[in-house]
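Dear colleague,

I am handing over the structure we talked about, with the sequence alongside. Please look through it first, and then read the notes that follow.

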Amino acid sequence: MDQKEAGNTKRTGENLEEDDSRRGKKKRTNTKAGDNTSAGPPADEASTSSGASSASAASAPAAEVKEEPKPEKIEKEDAEAENDPDDPTVGLEGAAFQSRIPADKLTTLEGSLFSDIAAAPATSHKIFLYIRNRTLQLWLANPLQELTYEGLLAQIEPPYNSDTVLIARIHAYLNRHGYINFGIFKRAKTLLPKKFGTVIVVGAGIAGLAAAQQLHSFGFQVIVLEARERVGGRIATFRKGPYVADLGAMVVTGLGGNPVNVLSKQINMELLRIRQKCPLFEANGSSQVAKEKDEMVEREFNRLLEATSFLSHQLDFNYINNKPISLGEALEWVIK
């Protein structure tokens with residue numbers, strides 16, 4: 001994924017370089033756009049394990065602990081992690097990139113909603129783009145708090161704050177289409193009790209739940225239909241005794257342009273960088289899985305996928321009792 005560097009914007013009749021405070025430059029040493037990241041363990045699990053370790057340490061006799069030297073490769077990767085470049089999701093261009101819209105031109109939708117701006121001279125385009133990108137930047141800088149029109153107007157710098165009607169239109173557009181004020185955040189104003197209609201959302205996966213929340217915030221009564229006995233869709237956590245494993249959404253592939261990046265900040269979820277090589281460990285966590293065993297498991301997994309693909313595409317085995325079967329069900333049939 002191409003990453004754009006935050007650039008300069010032009011004011012009417014003059015060039016203006018954004019200062020560091022407005023661009024919000026900062027270093028992120030644990031993650032960067034384009035890297036795979038994974039969610040860290042829940043806080044309660046982390047505190048439990050650390051508490052158990054402390055208890056063990058208190059009861060055990062004092063012993064000299066020697067730190068094993070890190071391999072050269074791991075030291076190099078750690079050094080690279082510490083020297084990550086600036087987060088590409090900050091700054092005006094970075095805010096547009098994070099929102100998956102071009103920073104330097106109107107989208108097709110914007111051209112239809114703001115036809116007066118689209119037909120106006122280039123100067124009007126630059127003013128529109130600055131206000132739009134600045135609004136996105138302010139929201140991404142603090143996604144824990146609702147960005148209201150009043151709050152936006154107070155933070156738009158002169159001379160861009162002179163056209164209050166345009167600012168209100170841009171704020172309403174970004175809010176209505178989910179570019180700002182999405183996810184889990186504190187609202188500045190209570191929602192109106194009056195409902196404008198009823199909407200049925202089919203599926204309680206992350207997309208359905210997000211759509212239901214947005215529609216509810218817009219004043220609709222929302223009914224969510226879900227076939228399973230749980231919500232989350234492909235996002236699921238398997239729990240059995242002391243064992244916990246995420247079955248979906250445990251890896252965030254790329255932070256730039258990814259709304260999960262915003263959600264992780266809103267719920268204070270730590271993201272841990274995953275290196276290119278990710279060693280596997282035995283269940284006890286003390287020893288690394290042998291290379292031969294790792295490769296054997298990988299071959300078996302690929303064989304199962306090939307078998308299910310053959311059943312689906314060659315034998316047309318996609319239904320049981322006129323009901324479509326999932327990949328998991330097909331895998332269970334192959335294993336049996």
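**What was found**

Of the 336 residues of this protein, 29% count as buried, and please keep in mind while reading that the model is predicted. The accessible surface of the protein comes to about 22,500 Å², and 55% of that surface belongs to carbon and sulfur atoms.

As for the secondary structure, the protein has 13 helices and 11 strands.

A helix to look at is α4, which spans residues 91-98. Seven of its eight residues are buried, and α4 is therefore largely enclosed by the rest of the structure; here a residue is called buried when its relative accessible area is under 20%. The buried residues of α4 are Gly91, Leu92, Gly94, Ala95, Ala96, Phe97 and Gln98. Just after α4 comes Arg100, which takes a positive phi of about 60°.

The other region to find is the pair of strands β4 (residues 198-202) and β5 (residues 221-225), which run parallel and are joined by five bridges.

With best wishes

Conventions: Residues numbered from 1 in each chain as written. Predicted model: local features only at pLDDT ≥ 70, side-chain atom pairs only at ≥ 80, totals over all residues. Heavy atoms only, no water. Buried < 20%, exposed > 50% of the residue type's maximum accessible area, 1.4 Å probe, protein only. Helix = DSSP H or I, 4+ residues; strand = E, 2+ residues; numbered from the N terminus. Pairing = 2+ DSSP bridges. Areas by Shrake-Rupley, 256 points an atom, 1.4 Å probe, with all protein chains shown as cover.
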